Amino acid sequence: MNTLSYKTLSVNKETAQKEWVVVDATDQVVGRLASKVAKLLRGKYKPTFTPHVDCGDNVIIINAEKVIFTGKKETDKVYTRYTGYPGGQRFNTPAELRSKQGGVDKMLRHAVKGMLPKGVLGRKLLTNLFIYEGAEHKQEAQKPKAIDINLYK
C-alpha cells in the first residue's frame, strides 16, 4: 500500500471553526468550571485540535456571581496582587472580592488564566472569554448555543 489512508489535520487561523457557546455558572465549583472552560477556549474537545493555534470556541459565562467554592476557601483562600509601589502588596479573599465591582470576573478570569498556556497564545485565548455576573449578555448577535458544562470532562 503506497498511500496513507489518513492525514493529520493541522488547522490554522483561517481554517479553524470557532463557535460561540454560553455556559451557565449557577452552582458550579470555581476550579472545575475553570478547567472545562479552559479546555473549551483551547479547543481540546474538537477533533481538529492543534496545540499552537487558537482553534477553540468563544465562551460566554453567565450567572458568574452564583459560583461556589468548596470547603472553607471562600474565607481562607487569598488572592495576592501588587500595586507596583514599595509596600504595595494587597491581599483579598473571595468573600471580599464578591462584594467589589467586577470581583467575580477577576476570580474566574484568574482561575481560567492559570489553566491556559503561558505566553502569547494563552493571552490571545483569554480574550475569547466573556464573563457576566447576571443572566444577560451582550453577544446575542453572535447567536451562541447554550451548552451543559456538566456533560464535559
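A polar contact is here a pair of N or O atoms within 3.5 Å, of which, within protein, one must be able to donate a hydrogen and the other to accept it. The model is a predicted one, and in it the side chain of H137 comes to 3.3 Å from the backbone nitrogen of Q139, while the side chain of E140 makes a polar contact with that of H137 at 3.2 Å.

| Partner of the H137 side chain | Distance |
|---|---|
| E140, side chain | 3.2 Å |

H137 lies in the loop that connects β5 (129-131) with β6 (145-147). Because its relative accessible area is 12%, under the 20% limit, H137 counts as buried. Once neighbours within four places in sequence are set aside, the residues in contact with H137 are V22, I60, I62, Y132 and P144.

Since five of the five residues of β2 (residues 58-62) are buried, the strand is largely enclosed by the rest of the structure.

Strand β2 pairs in the parallel sense with β1 (residues 20-24) over five bridges, and I62 in β2 is the bridge partner of D24. Together with helix α1 (residues 30-42), β1 and β2 form a right-handed β-α-β unit. Strand β2 also runs parallel to β5, to which three bridges join it, with I61 opposite I131 in β5.

Key: Residues numbered from 1 in each chain as written. Predicted model: local features only at pLDDT ≥ 70, side-chain atom pairs only at ≥ 80, totals over all residues. Heavy atoms only, no water. Helix = DSSP H or I, 4+ residues; strand = E, 2+ residues; numbered from the N terminus. Buried < 20%, exposed > 50% of the residue type's maximum accessible area, 1.4 Å probe, protein only. Contact = heavy atoms within 4.5 Å. Pairing = 2+ DSSP bridges. Right-handed = clockwise from strand over helix to strand, strands pointing away.
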